Amino acid sequence: MPKGTFARYGPLGDFPKPRVTWDDVMEPIRPPAPGYKASYWTEHPVVDPDEDRRLLRVAILPQVLESDAAILSTFAHEMHEINFLRTALSDGKSMSATAYKRLIDPHQGGSLHVEAWRVSIDLLRRLGLLK
């Protein structure tokens, strides 16, 4: 993950097409690579991997899991962004790849990203974990 990043989701880098849909953000559920034991995969998965099921994987730095405040603020931040994008891209809607990156990338304006930090900080204050 890039320096200063605590979590990430969806595709990284440039999109192969100019418009982004919710399906572009999601990933198909696949068995783990041979020899790799993934915690999300069991012999009898909850969903049938042959069906067209998709998930949104959120990768989190291990250090985040060392603090209740870090866990709560990171998940609040990521869920705020994800819920906004799910609504913005629902029912087959799309947005330009440039607009998508501008929303979530702090180096390109990141207005949704900044808003998500405000949400997570407000949560910590309401819980008394941040003064």
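## An exposed residue in a loop

Asp91 counts as exposed because its relative accessibility is 79%, where exposed means over 50% relative accessible area, buried under 20% and partly exposed in between, with a 1.4 Å probe and protein chains only. This residue is placed in the loop between H2 and strand S6 (95-96); helices (H or I, at least four residues) and strands (E, at least two) are DSSP runs numbered from the N terminus. Although Asp91 is not a glycine, its phi is positive, at about 55°.

The model is predicted, so local features need pLDDT of at least 70 and side-chain atom pairs count only at pLDDT 80 or more, while totals for chains, interfaces and linings use all residues. Residues are numbered from 1 along each chain as its sequence is written, and side-chain values use heavy atoms, with hydrogens and water left out.

## Charged residues

Side chains of opposite charge can pair when their charged atoms come close. A salt bridge is a side-chain nitrogen of Lys or Arg within 4 Å of a carboxyl oxygen of Asp or Glu, and by this rule the count comes to one. Lys17 forms a salt bridge with Asp24, with the closest N and O atoms 3.2 Å apart. Lys17 counts as partly exposed because its relative accessibility is 39%.

Glu78, in helix H2 (residues 68-88), is buried yet has no salt bridge. The nearest side chain of opposite charge is Arg8, 9.5 Å away; here Lys and Arg count as positive and Asp and Glu as negative, while His and the chain ends are not counted. Leaving aside residues up to four places away in sequence, Glu78 touches Ala7, Tyr9 and Val58, contact meaning heavy atoms within 4.5 Å.

## The nonpolar core

In soluble globular proteins, nonpolar side chains tend to be buried together. A nonpolar core is a set of buried Ala, Val, Leu, Ile, Met, Phe, Trp, Tyr and Cys residues joined through side-chain atoms within 4.5 Å. The largest such core has 15 residues, and those with the most contacts inside it include Tyr9, Trp22, Leu85 and Tyr100. Helix H1 (22-25), H2 and helix H3 (97-104) each supply at least two residues of this core, and H3 gives the most, with four residues.

Leu85 touches several residues, among them Tyr9, Trp22, Met95 and Leu112, not counting residues up to four places away in sequence.

## A partly exposed leucine

Leu127 lies in the segment after helix H4 (111-126). With a relative accessibility of 47%, Leu127 counts as partly exposed.
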